[in-house]
Amino acid sequence: LTMRRRIETTCALETVSRLPVGSSASITDGSLASARAMANSMLFLRLVEGWQISGILAANSGLVYNISDGYDEVTGGSNPDYLTPRPNYVAGCNINEGANINQWYNPKCFTIQAPGTFGNLGRGALHGPGLSQFDLTLHKKFTFKERLTSEFRFEAYNLFNRANFANPVVRLNNVLGTGTNQLQPGQAYNATTGGSFGTVLQTVESAVGLGAQRQIQLSLRFSF
């Protein structure tokens, strides 16, 4: 997987069960009214019994990503992902302080690296927002004759419509200089000099296997 698609931790829990609906009723009265009542009851039970329900809860750690600061005196601006110039991390700084979709990471935890260096922040050192969703399936098989059957399925993906956010903006502004709102190597970024860094702009792409908005589909299949 590429860095933009790498997920380090995945957990999936699945359960399948049969709904506890059935009948052991039998006709013990010879009257016609009782037989009709039982026939109606049996028809109802044929509709409600035999259903199976299954659910899958999937949870992943956030996508790994690199942070860059746009200050490149090493590769001349023509660099692959693994050579992206990265800022320095401020030791002991709480990266998640005040985390929200407008600023997922604290820009004060990063400084401009010294000229000619990549910075001490490791490649793929941070993770985006965690991802999770619950999928539900309800289905039943109906038998009309020996060779005529049908199956009805109700499927809901991301049943609770949880918002799974994509990685935030990972590029710090190149603000090297001595003017207003500019920094020198070793000076920490802030909300102004960091620009849009850390802002979550969209939900996750379907390429990671989950995270789409709630989707519901019904199907009915006949076999003969």
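Colleague: How many bridges join β2 to strand β7?
Modeller: 9 bridges join β2 to β7 (residues 131–145), and the two run antiparallel. Strands here are DSSP runs of E, at least two residues long, numbered from the N terminus, and two strands pair if DSSP finds at least two bridges between them. Keep in mind that this is a predicted model, where local features need pLDDT of at least 70, side-chain atom pairs count only at pLDDT 80 or more, and totals for chains, interfaces and linings use all residues. Residues are numbered from 1 along each chain as its sequence is written, and side-chain values use heavy atoms, leaving out hydrogens and water.
Colleague: Which residue in β7 stands opposite Gln52?
Modeller: That's His139. Gln52 also has Arg18 standing opposite.
Colleague: OK, what order do the strands of the open sheet come in?
Modeller: The order is β1-β2-β7-β8-β9, 5 strands with antiparallel pairing. β1 and β9 (215–223) are at the edges with a single partner strand each, so one side of each has no neighbour in the sheet.
Colleague: And what joins β1 to β2?
Modeller: 9 bridges, between residues 10–18 and residues 52–60, again antiparallel. Val16, for instance, stands opposite Ser54 in β2.
Colleague: New topic: which residues does the disulfide join?
Modeller: Cys93 and Cys109, with 2.1 Å from S to S; a disulfide means a pair of cysteine sulfur atoms within 2.5 Å. Both lie in the loop between β4 (88–89) and β5 (110–111), so the pair ties together parts 16 residues apart in sequence.
Colleague: Are Cys93 and Cys109 buried or exposed?
Modeller: Both are buried (under 20% relative accessible area; exposed is over 50%, partly exposed in between, with a 1.4 Å probe and protein chains only). Cys11 is partly exposed, at 39%.

Technical notes:
Helices (H or I, at least four residues) and strands (E, at least two) are DSSP runs, numbered from the N terminus.
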